[in-house]
Amino acid sequence: MKKPTKVLTASLLAFACQSAYSADLSIEIQNLTQGIYFTPLLVAAHTPEASLFELGESASTEIEAMAEMGSLDGLMTVTTSVNADVIANPAEGLLGPSLSTTAMLTTDDSNTVLSIVGMILPSNDGFVGLDNWQIPSEAGTYTFYLNAYDAGTEANDEIRASMPVPPPLDPLLGTGGAGVTSQ
């Protein structure tokens with residue numbers, strides 16, 4: 001997986017209240033981009049030992065499927081296997097430019113880090129991500145920007161036929177790469 005190629009201006013606000021080690025989180029994800037869509041997002045609280053992706057390493061098949069086709073199926077299997085607390089597709093489809101979505105997540109005692117991933121459209125294999133952010137023990141509002149990453153699983157040819165296009169843009173750009181739906 002290649003290092004971040006650019007910073008996407010997506011923000012996340014987390015409100016944490018902890019009793020023991022569990023936390024109740026209200027997570028808001030806002031797409032601050034102009035013309036970039038996020039496919040269905042995956043928000044997961046998990047143990048620090050688990051990780052959805054690693055910078056500088058080859059993308060897993062699950063990250064590849066998410067980054068190329070917007071599919072969360074493989075990542076759902078991975079998060080289930082590590083007993084993560086998960087919210088899949090909080091926006092109930094694509095998250096368009098300037099839109100936001102909010103989801104509530106209660107974490108298990110051992111799930112102390114937060115990860116978020118979602119494909120960016122249009123792109124060959126780009127995704128927005130947050131990996132293993134330590135959930136604070138102090139209640140408050142935390143805002144940060146997510147990076148965009150290149151999964152490194154496809155050539156970055158930017159040819160229309162090899163890139164999925166968000167359904168709202170299909171009438172303008174026609175059909176192209178397969179696999180992305182607004183669910």
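This briefing covers the fold, the nonpolar cores and the surface of the structure above. The model is a predicted one. Its protein chain has three helices and nine strands, and 48% of its 183 residues are buried.

**Fold**
- Read from the N terminus, the elements of the protein chain follow the order β-β-β-β-α-α-β-β-β-β-β-α.
- Among contacts in the protein chain with a separation of 6 or more, 72% link residues 24 or more positions apart.

**Largest nonpolar core**
- In soluble globular proteins, nonpolar side chains tend to be buried together.
- Here, the largest nonpolar core holds 23 residues, and Val 43, Leu 105 and Leu 114 have the most contacts inside it.
- Two or more residues of this core come from each of strands S2 (22-31), S4 (42-46), S6 (100-106), S7 (113-121), S8 (126-134) and S9 (141-150).
- S2 provides the largest share of this core, with four residues.

**A closer look at Leu 105**
- Which residues does Leu 105 contact, leaving aside its neighbours within four places in sequence? They are Ala 23, Asp 24, Leu 25, Ile 27, Val 43, Ala 45, Asp 85, Val 86, Ile 87 and Leu 114.

**Second core**
- A separate second core has 17 residues, among them Leu 42, Leu 52, Ile 63 and Leu 72.

**Surface**
- The protein chain has an accessible surface of about 8400 Å².
- Carbon and sulfur atoms account for 52% of that surface.

Key
Residues numbered from 1 in each chain as written. Predicted model: local features only at pLDDT ≥ 70, side-chain atom pairs only at ≥ 80, totals over all residues. Heavy atoms only, no water. Core = buried A, V, L, I, M, F, W, Y, C linked by side-chain atoms within 4.5 Å. Buried < 20%, exposed > 50% of the residue type's maximum accessible area, 1.4 Å probe, protein only. Contact = heavy atoms within 4.5 Å. Areas by Shrake-Rupley, 256 points an atom, 1.4 Å probe, with all protein chains shown as cover.
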